[in-house]
Amino acid sequence: MGTTLKTHKMLWGRAGNRCAMEDCRRELVMDATETDDEALIGDECHIVARKPDGPRGESDLPAESRDKYDNFILLCRVHHKIIDDQPRKYTVDILQRIKAAHERWIKESLEGYDAARQRDDEIYATYAEKWVELAGIDDWKAWSSHVLGSGHPCLWPDVDKKLDELREWLFSRIWPRRCSGLENAFENFRRVLQDFHNVFHEHAEQSGDILVTKKFYKIDEWNEELYERLGRMYEFHVDLVQDLMMELTRAANYVCDKIREFIDLSFRLNQGALIVESGPYMDLSWRQHRAEYRGNERTNFPYPGLEEFKRIRKTRDYAFGVGVSTEDPEFLEWYRKRD
């Protein structure tokens, strides 16, 4: 399972980024230099080992609780090795007392410790974890490929339900008002999500176990003019849904950037940026896209709202469509070339 963002923030923050051993209390974050970023030299140590055959692993503590904050102590790497090599000396009870005493010392004696900031950072970390869950961040490429595949946007109902829940959840958050850049990034994501969700559902219908974009250009009685008009509307709608999916990816990557900037430098570094996949194309290939805000797009609120987005989407790093409506000359020219 590993350490969650909230657990990581609680452990390091409440320990003051120092080894919990009283005779050590070494700072565990090395300052950045002109050529290198900060380097973590501390360990998040299990009090009860994750597995029964590890140090102090024989315990009644449930497996699901072994990666929680209460079962971790922050130590330098030297003391991590010592406690694991000497589990009879450093028992569960002793390590819990060492941790508690260290955190009291941090609160009462460490100059510069900001309890209010620590509280706010833990709130932000809690919100970030919930966002990761509801937005399907860990499965982003998998679920978004249904939106960007085959020119026929689809969503699994469970994904759609979570996205709908996320819209309201983000709107109702009570923010600490400490990191405006991070809060603005979440709000920017919410605005994109709102429009993506609404536009997708304009022509979505249940088909078996999935929500699909209805092919509303299909008519019961042949009418060439009507068929042509509905065909243009369908192409415009599909491209707009896909462009909003790309914008949602940019907004999600922007949130991740701001979490790294304000809360945790290591957030999702191993996983990397969110990418999406579109296709298949005429040659049956699929293409991967790393959609991000770039340059002067990286403002407080990069997403300008739906109507302005229609106008400027062609300037993003990748776009499926153009124009503000099916009557826009730019769209009509593009549509004729596409045919």
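I take a residue as buried when its relative accessible area is under 20%. By that cut-off glutamate 183 is buried, because its relative accessible area is 6%. I note at the outset that the model is predicted.

**Entry 1. Overall form**

I looked up the secondary structure and found ten helices and nine strands. I then checked the radius of gyration: the protein has 25 Å, whereas a compact globule of 339 residues would have a value near 20 Å. The C-alpha trace spans about 85 × 40 × 40 Å along the principal axes. I recorded an accessible surface of about 18,300 Å², and carbon and sulfur atoms hold 47% of that surface. Of the 339 residues, 47% are buried. Among contacts with a separation of 6 or more, I found that 68% join residues 24 or more positions apart.

**Entry 2. The nonpolar cores**

Which residues of the largest nonpolar core touch the most other members? I found Trp131, Trp140, Phe189, Phe196 and Ile259, in a core of 58 residues. The elements giving two or more residues to this core are helix 4 (115-134), helix 5 (140-148), helix 6 (157-171), helix 7 (180-202), helix 8 (224-262), helix 9 (306-312) and helix 10 (329-338). Helix 8 gives the largest share, 13 residues.

I next listed the surroundings of phenylalanine 189, leaving out residues up to four places away in sequence. Its contacts include Trp131 and Trp140, as well as Leu166 and Leu170. Leu248, Ala251, Ala252 and Val255 are also among the residues that phenylalanine 189 touches. I noted a second, separate core of 21 residues, which includes Cys19, Met21, Phe72 and Leu74.

**Entry 3. Strands 3 and 4**

I turned to strand 3 (residues 42-46) and found four of its five residues buried, so the strand is largely enclosed by the rest of the structure. Strand 3 runs antiparallel to strand 4 (residues 72-76), and five bridges join the two. Within this pairing I located glycine 42 opposite cysteine 76 of strand 4.

The loop between strand 3 and strand 4 holds arginine 50. I classed arginine 50 as partly exposed, because its relative accessibility is 43%. I also took the separation between the C-alpha atoms of arginine 50 and proline 302: it is 43 Å, for residues 252 apart along the chain.

In what order do the three strands of the open sheet lie? I read the order as 5-7-6, with antiparallel pairing. Strand 5 (154-155) and strand 6 (204-207) are the edge strands, each pairing on one side only. Two bridges connect strand 5 with strand 7 (residues 210-213), in the antiparallel sense. I identified leucine 211 in strand 7 as the bridge partner of leucine 155.

**Entry 4. Aspartate 239**

Is aspartate 239 buried or exposed? I found it buried, with a relative accessible area of 2%. Aspartate 239 lies in helix 8. Leaving out residues up to four places away in sequence, I found that aspartate 239 touches Arg313, Phe320, Gly321, Trp334 and Arg338.

**Entry 5. Salt bridges**

I counted 32 salt bridges. One of the pairs I examined is arginine 177 with glutamate 183, whose side chains meet at 3.5 Å, N to O. Arginine 177 is exposed, with a relative accessible area of 66%, whereas glutamate 183 is buried at 6%.

A further pair is aspartate 257 with arginine 298, where the closest N and O atoms are 2.9 Å apart. I noted that this pair links distant parts of the chain: aspartate 257 lies in helix 8, and arginine 298 lies 41 residues away in the loop between strand 9 (287-289) and helix 9. Arginine 298 is partly exposed, its relative accessible area being 37%.

I then examined glutamate 292, which meets arginine 290 in a salt bridge at 2.9 Å, N to O. Glutamate 292 has a relative accessible area of 14% and is therefore buried.

Which residues are linked with Arg290 and Glu292 in a network of salt bridges? I found Glu247, Arg250, Arg294, Glu297, Arg316 and Asp317 in that network.

Notes: Residues numbered from 1 in each chain as written. Predicted model: local features only at pLDDT ≥ 70, side-chain atom pairs only at ≥ 80, totals over all residues. Heavy atoms only, no water. Core = buried A, V, L, I, M, F, W, Y, C linked by side-chain atoms within 4.5 Å. Buried < 20%, exposed > 50% of the residue type's maximum accessible area, 1.4 Å probe, protein only. Contact = heavy atoms within 4.5 Å. Pairing = 2+ DSSP bridges. Salt bridge = Lys/Arg side-chain N within 4 Å of Asp/Glu carboxyl O. Rg over C-alpha atoms; globule rule 2.2 N^0.38 Å. Areas by Shrake-Rupley, 256 points an atom, 1.4 Å probe, with all protein chains shown as cover.
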